[in-house]
Amino acid sequence: MKYWWLEKYQNLEVKKLPELFSDIQYFLIVPKNYIQIYKKIENLEISNLSEEEMCIILYRISITKNVKNCKLHQIIHQLLLIPDTSLPISDYTLAEMIEEIKGLKEKKAILEKIQFNNIAACYHCLNIFYVDRIQSINKKGECLCPFCRKNKLYYDNELIPMNYSFLFHSKMYYGISDLGCNFSKIQKILKKGIIITNSNKMNSLKGKEFYRYLKKYEKKVIPSKEESKIIKAIYDILFLYEKKGDYQGVLEINWEGNKNLFEISYLLILSCAFALGNFFYLKQIFLVVRNENLKKEIEKNLKQMIKKSYKKLQYN
Ligand SMILES: [Zn+2]
């Protein structure tokens, strides 16, 4: 299912509402004029709403914290029926992905190309969808994302990866974080903010459950649909430090296998970059990695992510 993160809210317990609202704000990115759209659709029957409109209503409820809105339960139910649209993880190396990200803006999703493509991906709201969902274009003839109305789309025939982690990385590269950091600032923050160690002395925080879940993938390939779950789970562990107002946090990665080393290190770096770029208190993350091969992989990929040449070519 596409909205896997809503599953735990099916029964809608009152004590879980704050967590639900914060998850909605993490996952859903709505158009700037969403309130205007909301006003037009607020009285419609749920069955007449599109997926994008349901997301807007959900977002609106999370902002106004209007729990009396009887639509909440129905919308969650409807969204859970939507199948997963994520595409396979690309077999690109990190260097190749970085090259693609740098060139993304030149491969605009213009209307003329639409007939030669099936799928579009948006690196603003991270949705992947069939091109027949596209309804609006801007004055330059660029197609706009039906979910967030931004011109940050690209098509499948451009042969650019269309999986979650690539979109997440691109979004960070072209975006400004909640703290106002652009990617070059995030690179600097990463350089200072991540300390990789194999020391036993670190006291790690919770997250045991998450690492048990991660264990499943020590010997097999991580499916593409799991990427968003892994990024969110690491983010949630880091968010516990942020909530306490801690300056430093520890992530202990118990990984025995030698499969998926690149995938795990990449997802880990992306989650840390996102957290450090968006959190106010947390400034330093100790990654405790006892698996020497994984440790080397993280160090190698981190080095590539903070490379100056990557920063120089940044658009803004
Ligand atoms: Zn979008």
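Me: Into which domains is the protein divided?
Reply: The protein is divided into domain 1 (4-80), domain 2 (94-166) and domain 3 (177-312), with bounds that come from an automatic or database domain assignment. Please keep in mind that this is a predicted model, in which local features need pLDDT of at least 70 and side-chain atom pairs count only at pLDDT 80 or more, while totals for chains, interfaces and linings use all residues. Residues are numbered from 1 along each chain as its sequence is written.

Me: How far apart are the centres of domain 1 and domain 2, and how many residues are in contact?
Reply: Their C-alpha centres lie 25 Å apart, and 5 residues of domain 1 are in contact with 6 residues of domain 2, where contact requires C-beta atoms, placed from the backbone, to lie within 7 Å.

Me: And the whole chain, how many helices and strands?
Reply: The protein has 12 helices and 6 strands, which are DSSP runs numbered from the N terminus (H or I of at least four residues for helices, E of at least two for strands). Its radius of gyration, taken over C-alpha atoms, is 20 Å, close to the 20 Å from the globule rule (2.2 Å times the number of residues to the power 0.38) for 316 residues, so the protein is as compact as a globular protein of that length. Along the principal axes, the C-alpha atoms fill a box of roughly 55 × 45 × 35 Å.

Me: What share of the residues is buried?
Reply: Buried residues make up 33% of the 316; a residue is buried if 20 or more other C-beta atoms, placed from the backbone, lie within 10 Å of its own, exposed if 12 or fewer, and partly exposed in between. As for contacts with a separation of 6 or more, 78% are between residues 24 or more positions apart.

Me: Sheets next. What is the order in the parallel one?
Reply: That open sheet has 3 strands in the order S4-S6-S5, with parallel pairing, and two strands pair if DSSP finds at least two bridges between them. Strand S4 (194-197) and strand S5 (248-253) are at the edges with a single partner strand each, so one side of each has no neighbour in the sheet. S5 is joined to strand S6 (residues 284-289) by 6 bridges, and Gln-248 stands opposite Gln-284 in S6.

Me: Which strands make up the antiparallel sheet?
Reply: It is an open sheet of 3 strands in the order S2-S1-S3, and its edge strands, S2 and S3, each pair on one side only. Strand S1 (residues 119-122) is joined to S2 by 3 bridges, with Ala-120 standing opposite Phe-129 in S2.

Me: Where does Gln-135 lie, and is Gln-135 buried or exposed?
Reply: Gln-135 lies in the loop between strand S2 (128-130) and strand S3 (153-155), and it counts as exposed because it has 11 C-beta neighbours inside 10 Å. Gln-135 and Cys-145, 10 residues apart in sequence, are 8.3 Å apart in space, C-alpha to C-alpha.

Key
Contact = placed C-beta atoms within 7 Å.
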